[in-house]
Amino acid sequence: MKRSKGRVVVAMSGGVDSSVAAFILNKKGYECIGISMKLWPKEECGFHNPTSCCSLEAISDARFVTERLGIPFYVLDLHKEFKREVIDNFTREYLSGRTPNPCIHCNEKIKFGALLRKASELNAKYVATGHYACVKLDKKNRGYGLSEGSDKRKDQSYALFSLSQNQLSRTLFPLCGLKKDRVRKMAKKNGLMVHNKSESQDICFIRDGYEKFLKEKFKDRIKEGPIVDSDGNRLGEHRGIPFYTVGQREGLGISYKHALYVIKIDTKKNTIVVGPKESRYFKSMVVNGVNWIAMPKTKSFRAQVKIRSQHKKAGARFTVLKKSVEVTFDKPQESPTPGQAAVFYKRNRVLGGGWISSATPSPRKM
């Protein structure tokens, strides 16, 4: 009898990536347990978008894959934790004039938080997911390192920067060295019916757009207000602070001699500030709540930064302050958005990251 390499809980979303992750680990000799996370109350599950990673259809697909692989499968009810850690944070951020990234909080608090605790209850050493990223022991820095996956188009290291050393030490990313096309071919070759399944939507708990979602829940807290230029001249009315984000152009409802973009959201004055195209570019920003995976030895250093998941990494000078990091770009970057993550890289390695707090533009006169 072949000896197991260890027990591992595989987060099964019902998609091709997590299915192939389970297939790879099972073939390598790990004792796999498939778990799908039910992130919605019972009465709402049937109304979920079929493309969502936690819909009834997704759970059914995950069950089929585990039956095909001959591994146990369970559904874990985490809807209370999901609401507290992800949905409530999402709404608080929008109501505060920031633009949140719920997937990062879900990774930290749910997939590698609550699920990791469940893995311990099942005496599993590891949690595995279908993320396109790599984790391995970094002997030089005496810890675990996180780096980009081989498929740069699908790389998800940006969304994993907040994981702790304990979480990284118990994490497996079987798709680290694979590209998406290869993953689909592996699924098809090995009889996994999800091989041609479309991608899940980014925000799984939003069915009909986030504006409708927020209106239904916080109608009394959302107020209309002025849209002004950088000099305070009133140009129009906004529908409510939560429905705008820094860098936004569409949906402003303003007729002007040139295109206008949101450059600042002032929650204290309930005001949206707009400016011309040039005012979208920022030279520096402040990042709070920084989590270091591989902290540099000096307080000032050069590296690269991503300010959005699909943003091309930009060269910058980093200055570590007492409770934050100041990032000065080599070339001004477009719309660093408060509430979004800024992730620091040294080539393909993640050094750490945090949350964009502020950036000060120098808009031209309109």
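Predicted model: local features only at pLDDT ≥ 70, side-chain atom pairs only at ≥ 80, totals over all residues.
Local features need pLDDT of at least 70 and side-chain atom pairs count only at pLDDT 80 or more, whereas totals for chains, interfaces and linings use all residues. Residues are numbered from 1 along each chain as its sequence is written, and side-chain values use heavy atoms, with hydrogens and water left out.

Helices (H or I, at least four residues) and strands (E, at least two) are DSSP runs, numbered from the N terminus. Two strands pair if DSSP finds at least two bridges between them. Four strands form an open sheet in the order β9-β8-β11-β10, and the pairing is mixed. The edges are taken by β9 (234-238) and β10 (261-266); each has a single partner strand, so one side of each has no neighbour in the sheet. On average, neighbouring strands of this sheet are turned by 30° against each other, direction ignored; the axes are lines fitted to C-alpha atoms, and angles run from 0 to 180 degrees between N-to-C directions. Strand β8 (residues 225-228) pairs with β9 in the antiparallel sense over four bridges. Pro 226 stands opposite Glu 237 in β9.

A disulfide is a covalent bond between the sulfur atoms of two cysteines; here the criterion is a pair of cysteine sulfur atoms within 2.5 Å. One disulfide was found in a search of the whole structure. The bond joins Cys 134 and Cys 176, with the sulfur atoms 1.9 Å apart. Cys 134 lies in strand β5 (residues 133-138) and Cys 176 in the loop between β7 (171-172) and α7 (180-189), so the pair ties together parts that are 42 residues apart in sequence. The torsion about the S-S bond of Cys 134 and Cys 176 is about 90°, so the disulfide is right-handed.

Residues are called buried under 20% relative accessible area, exposed over 50%, and partly exposed in between (1.4 Å probe, protein chains only). Cys 134 is buried at 11%, and Cys 176 is partly exposed at 24%. Cys 103 is in no disulfide, and the nearest cysteine sulfur, in Cys 106, is 7.0 Å away. Cys 103 is partly exposed, at 33%.

His 131 lies in the loop between β4 (126-128) and β5 and is buried, with a relative accessible area of 7%. Contact means heavy atoms within 4.5 Å. Not counting residues up to four places away in sequence, His 131 touches several residues, including Lys 111, Phe 112 and Phe 173.
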